[in-house]
Amino acid sequence: MNFELTDEQRLLRDSVDRLIGPAYDDLAHRRRIAAEPPGYSRELWAKYAELGLLALPFSEEEGGFGGGPVETMLVMEAIGRGLALEPYLATVVLCGNLIRLGASAAQREALVPAIADGSLTLAFAHLERQARYDLFDVGTYARRQGSGFVLEGEKSVVLYGDSATKLIVTARTEGSRRDPQGITLFLVDADAPGVSRRGFATQDGQRGAAISFGSVAVTESAAIGTVGGAGPLIEQVADIAIAAIAAEAVGAAAALHALTLDYLKTRKQFGVPIGSFQVLQHRAVDMFTALEQARSMEYYAAMMAAETDAPARRSAISAAKVQINKSARFIGQQAVQLHGGIGVTMEYRAGHYFKRLTMIEQAFGDTPYHLRRLDAGGGWLDAA
Amino acid sequence: MDLRLTREEIAFRDEIRTFLCENIPEAIRNRIAEGRHVGREDYVTCQRILNAHKLATPNWPVAWGGRDWTPMQRYIFGEEVQSNNVPDPLPFNVAMVGPVIIAFGTEAQKQRLLPPTANLDIWWCQGFSEPGAGSDLASLKTRAVRDGDAWVINGQKTWTTMAQWANWIFLLARTNPEARKPQEGISFFLVDMSTPGITVRPIQLLDGGHEVNEVFFDNVRVPADALVGTEHRGWDCAKFLLANERSNIARVGISKSRLRRIRALARAVPAGDGSLWDDEDFRHRVLQVEIDLKALEMTQLRVIASEREGSRTPNPASSILKIKGSEIQQATTELALEIAGPFALPYHDPEAEYPDGANDLPEGFGWADTAAPTYFNYRKTSIYGGSNEIQRNIIAKMVLGL
Ligand SMILES: Cc1cc2nc3c(=O)[nH]c(=O)nc-3n(C[C@H](O)[C@H](O)[C@H](O)COP(=O)(O)OP(=O)(O)OC[C@H]3O[C@@H](n4cnc5c(N)ncnc54)[C@H](O)[C@@H]3O)c2cc1C
């Protein structure tokens, strides 16, 4: 085992930190950017492209950066620390990996350069209102028509779906609503006839959209991967995304913990820094322990995200998500508590981290969901 | 020992419940049940209805419009108000400053201020905390200096709840900076907020709402009779007030109402082939909170029973009510967040009339968008009214003798 970063990885981390770290230091600036379409900084997005971050998961032969889960982890940690608003998760992690792992060579050739240079943003239109966390609960239907398909259905919470130029849509080409078989991925222009989008702000200052597809015609070549066979790919990419948001959570939680320590040392009540109260010292220690436990599972998730043995990957990722959720909740709540009143306001950074951590908990499966998934896989220790 | 309600108490409860359901507008009660924004006018409407029936200030002496109720009846009333989603009569008026004026005020102050306080013609806010004086309230710096027959106030208050709706503020200010102990040089003032020199700046909370404010005092001249109680002895009033604030802070009825709603929503939220309520683990998590709440209710009843009539210092065990009450309220918001799941993500302006339905579930619920904001907002319950750490300090010292 080796927990050391390579020189290249260290270089990546430092340059990402320099770019994203200070970008949203000023909360008023962050609020202004979030309030104006597209809800993130196009300027900063162009700089992500310059650094090669948007090409990260793609192979070098097709113009990519050839990065793996560790590189993604380093970028996502910086995004977490920086409270960044750019649609990296939606475009690069979710859609980028769907394309990398599912698309044909011709499709990749058309898409990868445009993603890499920042001109193409994508959103994964998957979650439906009835589905909760079930990845295979897809009611959107793709009916065969001539040589192509017609899409019909509604997607509920599509991250950055309001500004994306293209959507990767999951639709059922056969089977019943919760059948793991029979799901197909389609690449659809966001402004294609029949697509209607209603954007909204999210609780953590990002963007989402409810998107409906009313008789949207697509060609056969719009399908990514095999028709009816997208199930395993969707699950794999969801696991990759969980490893990514685990890293984002650790980045955010570490920054929040540091902020709290600072506050404990500087805020005075009863004539002394509140950090001199032993109960708060112990709380800070418990937060630190929770952070380190989360960090360990962040690494474990990064290690297992590329695992080809699907059951092993599933168990590892679910275990990681449970730990991340637990640590994120504890650190978020306690950071707010230790700040007192200032912790529950929008005028101070701690609350923004707390909100983002809360939404990460809600994303791609909450704790009960992942405990069930881990249990279904049998856990990973045998009985004595 | 008989832990059941008497027949009279049951009749009393039913009478209150019927009254509230028949007289308080349903639209307001629904908004409260759904965790939505309630406007100033709504509070005023409800309190005036209650006051017209002598139900706004039952804890006050009969001579000032109160009721000659037993502690148990008072408890039942408060519980019915909360669990039927009626806004509490404004605590700043009814539970805080009203009793202070009654206990410490002059006859003239009572005559002038109590009737409009009961009727919410005066909306009070609480000017205690300052940027540098939160848990350590006695370190407050706002100054009041005597000048002829007036007081001149300078300084800043913060976290002042609903100051934007208030027309009067009760505040603590330092009148004797030379006193031996910080607590000894403080006085308690009643100030009309239209007095020149007062400015209110909003602070946005995590749910996006406007609930608290900073209040600045720049050479604010108030008449001599703005002082209540004895000069420099304002801390006595403050302690008396904070003890009342704490004993009302368990909010059992509110948690009951929230848990009922959680049950209803979980039954309506699709999960797998059925609803979330079909999930045994989820039901057990709800039951765990319900058990905690039942225990808290019994604890609250024990505290009430142990309170001697007319005592000015409530049982220090009331700190338990604050700690558990806030933890249970927070637990209910965690359950609601779990129900909302990924649909908690969309944000709507909490003060907007009604969300646009972007997040409606197939059954037509527009509720999921309040789950996260309420969860964020309720973190305040373990911070205000004396933080839970401070409450633990009180119990350790006053109850356990440590
Ligand atoms: C939503 C909201 C509404 C409010 N409304 C009002 C209002 O209307 N009027 C008003 O006057 N005030 C109001 N308050 C203020 C509230 O009473 C204070 O926030 C509270 O007293 C805590 O003070 P603080 O925020 O300065 O935190 P601090 O006192 O700075 O505390 C920071 C942290 O240190 C801990 N701590 C402090 N001292 C100790 C100790 N001795 N031992 C162990 N831990 C300690 C605290 O528990 C907390 O975790 C409100 C607050 C909020 C959040």
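Author: The model is predicted: local features need pLDDT of at least 70 and side-chain atom pairs pLDDT 80 or more, while totals for chains, interfaces and linings use all residues. Residues are numbered from 1 along each chain as its sequence is written, chains are lettered from A and ligands numbered from 1 in written order, and side-chain values use heavy atoms, without hydrogens and water.

Reader: Where do the domains of chain A lie, and what sets their bounds?

Author: Chain A has domain 1 (7–121), domain 2 (124–224) and domain 3 (231–383), with bounds from an automatic or database domain assignment. The C-alpha centres of domains 2 and 3 of chain A are 30 Å apart, and the contact (heavy atoms within 4.5 Å) takes 13 residues from domain 2 and 14 residues from domain 3.

Reader: What is found between domain 2 and domain 3 of chain B?

Author: In chain B, domain 2 spans 124–232 and domain 3 spans 249–399, and their C-alpha centres are separated by 31 Å. Eight residues of domain 2 of chain B touch nine residues of domain 3 of chain B. They bury about 640 Å², with 51% from carbon and sulfur atoms.

Reader: How many residues of chain A and of chain B meet, and what area is buried between the chains?

Author: The contact joins 46 residues of chain A to 52 residues of chain B. About 4,200 Å² is buried, 56% of it from carbon and sulfur atoms. Arg129(A), Arg132(A) and Gln203(A) supply 18% of the area that chain A buries against chain B, more than any other three residues.

Reader: Why is α8(B) called roughly parallel to α10(B)?

Author: Helix α8 (residues 252–268) and helix α10 (residues 318–340) of chain B pack at about 15°, with axes 10 Å apart. Angles under 35 degrees count as roughly parallel, so α8(B) is roughly parallel to α10(B).

Note on methods:
Axes are lines fitted to C-alpha atoms, for helices over the stretch in contact, and angles run from 0 to 180 degrees between N-to-C directions. Helices (H or I, at least four residues) and strands (E, at least two) are DSSP runs, numbered from the N terminus. Angles under 35 degrees count as roughly parallel, over 145 as roughly antiparallel, 65 to 115 as roughly perpendicular and the rest as oblique. Buried area is the accessible area (1.4 Å probe) that two parts lose on being put together, summed over both.
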